[in-house]
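Please look at the sequence and the structure before reading on.

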Amino acid sequence: MQDSHILPQQRASDQQASSQSSAADQSPISELDIGEYREQDRFLPIANVSRIMKAAVPPSTKIGKDAKECVQECVSEFISFITSQAAERSLVEKRKTIGGEDILYAMNSLGFDNYAEVLKIYLAKLREHQTSSANTRVSDPFIEPRSGGGV
């Protein structure tokens, strides 16, 4: 009964918007659709990109705003490219989660073999660290288990 104080025009526009969104869900995303998203929704944060760029050059080097924006757009596109290939593989295998192996597979299949080898080593070290951290947490006598009750 909450809808009783919504004007008929609002209800009609809400229904139209929901029918448009369901139709949009069925069709592929076009360049026009992508253009409607704000840059900050499509790209990695410029501050993060800038920090990574600065780490790769001598401290006295200045990086122009246009260079940062160009790299921001390129790396965001690269990540989308790799992720879409990985998502395709997980879809074919009827999985909902993209894993590290899917990313490695995508990079190899798209011709980024050199990067994939480095990432394979990184992924193995990351998993090793995660297991050792989990084991440390379980066996650490100074960590008290959480109680199931409230405050």
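## Aromatic rings in the model

F112 is partly exposed, with a relative accessible area of 22%. The model is a predicted one. F112 and Y115 form an aromatic pair, with 6.2 Å from centre to centre and 55° between the planes, and this pair is tilted. Y115 is exposed, because its relative accessible area of 53% is over the cut-off of 50%.

The structure holds 2 aromatic pairs. In the pair of F78 and F112, the ring centres are 5.1 Å apart and the planes stand at 90°, so this pair is edge-to-face. F78 lies in helix α5 (residues 65-92), whereas F112 lies in the loop between α6 (100-109) and α7 (113-139), so the pair ties together parts that are 34 residues apart in sequence. F78 is partly exposed, at a relative accessible area of 32%. Through ring pairs, F78, F112 and Y115 are linked into a cluster.

| Pair | Centre to centre | Angle between planes | Kind |
|---|---|---|---|
| F78 and F112 | 5.1 Å | 90° | edge-to-face |
| F112 and Y115 | 6.2 Å | 55° | tilted |

Another contact involves a charge and a ring. The charged end of R89 sits over the ring of Y105, at 4.4 Å from the ring centre.

Key
Residues are numbered from 1 along each chain as its sequence is written. This is a predicted model: local features need pLDDT of at least 70, side-chain atom pairs count only at pLDDT 80 or more; totals for chains, interfaces and linings use all residues. Side-chain values use heavy atoms; hydrogens and water are left out. Rings of Phe, Tyr and Trp (its six-membered ring) pair if their centres lie within 6.5 Å; planes under 30 degrees apart count as stacked, over 60 as edge-to-face and the rest as tilted. Helices (H or I, at least four residues) and strands (E, at least two) are DSSP runs, numbered from the N terminus. Buried means under 20% relative accessible area, exposed over 50%, partly exposed in between (1.4 Å probe, protein chains only). A charge sits over a ring if NZ of Lys or CZ of Arg is within 6 Å of the ring centre and within 35 degrees of the ring normal.
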